[in-house]
Amino acid sequence: MKKYIITSAVLFAFALTQKSSLKAQAFETGSNIISAGYGAPNLNKALFKIYEDENDYALKGYGPIHLKYEHAVSDRIGLGLSINHVASSISYKDISNYNYKLKYSSTKFNARVNIHFARSDVFDAYWGLGVGYGTSSSKWITNDPDDLNVSFKNPIAIGLESTLGARYFFSENIGMYAEVGFAKSIVQGGLSFKI
């Protein structure tokens, strides 16, 4: 029996070392990773909330939503695309039953480079920098005949982002990510998928 336990332990240890040597790195040359996440805070929604609390305003909003694609051109450098979107609105009905609504939305499409500095089989830490096209608009909408509907688009159509992030893969192809920095939100997190 003792010989059987020792043989089983040796075989088990050998199997573990074989499995770990065959397992891929969390980030390696040729990897393709798609990430989808949600961020906080939605700064415009937070600003609109000041008015919602003190008056009878209706507040809506979502995001920031983050979608990312990254291709590993080396074990340390990844190139990809980042799309970030946020929207919010606040509306009010006055005593004459006229409706007033202020809407805001913003989307950024950034080319992105990630520099990976700490890696293992399941963990991947990186710094990301993105630059590209950004659009944002605000609209004032009302059915009041004495007021005007107005829309404004930001004339500076530039998107920028810089974040520090990490991924943890709990299976070969599925993991989670978290980032802090500036990319439509201060913090964000979600799921990552190797494809």
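**Charged side chains in the predicted model**

Lysine 68 and glutamate 179 are both buried (under 20% relative accessible area, with exposed meaning over 50% and partly exposed in between; 1.4 Å probe, protein chains only). The model is a predicted one, in which local features need pLDDT of at least 70, side-chain atom pairs count only at pLDDT 80 or more, and totals for chains, interfaces and linings use all residues. Residues are numbered from 1 along each chain as its sequence is written, and side-chain values use heavy atoms, with hydrogens and water left out.

The structure contains 5 salt bridges, each defined as a side-chain nitrogen of Lys or Arg within 4 Å of a carboxyl oxygen of Asp or Glu. In one of them, lysine 68 pairs with glutamate 179, with 3.6 Å between the closest N and O atoms. Because lysine 68 belongs to strand E2 (residues 58–72) and glutamate 179 to strand E8 (residues 174–182), this pair ties together parts 111 residues apart in sequence. Strands are DSSP runs (E, at least two residues), numbered from the N terminus.

Glutamate 179 also forms a salt bridge with arginine 112, the closest N and O atoms being 3.3 Å apart. Arginine 112 lies in strand E4 and glutamate 179 in strand E8, so the contact ties together parts 67 residues apart in sequence. Salt bridges with shared partners join Lys68, Arg112, Glu161 and Glu179 into one network. The relative accessible area of glutamate 179 is 2%, and that of arginine 112 is 6%, so arginine 112 counts as buried.

A further salt bridge connects arginine 167 with glutamate 70, at 2.5 Å between the closest N and O atoms. This pair links strand E7 (residues 159–169), which holds arginine 167, to strand E2, which holds glutamate 70, 97 residues apart. Both arginine 167 and glutamate 70 are buried.

How values were computed. Helix = DSSP H or I, 4+ residues; strand = E, 2+ residues; numbered from the N terminus.
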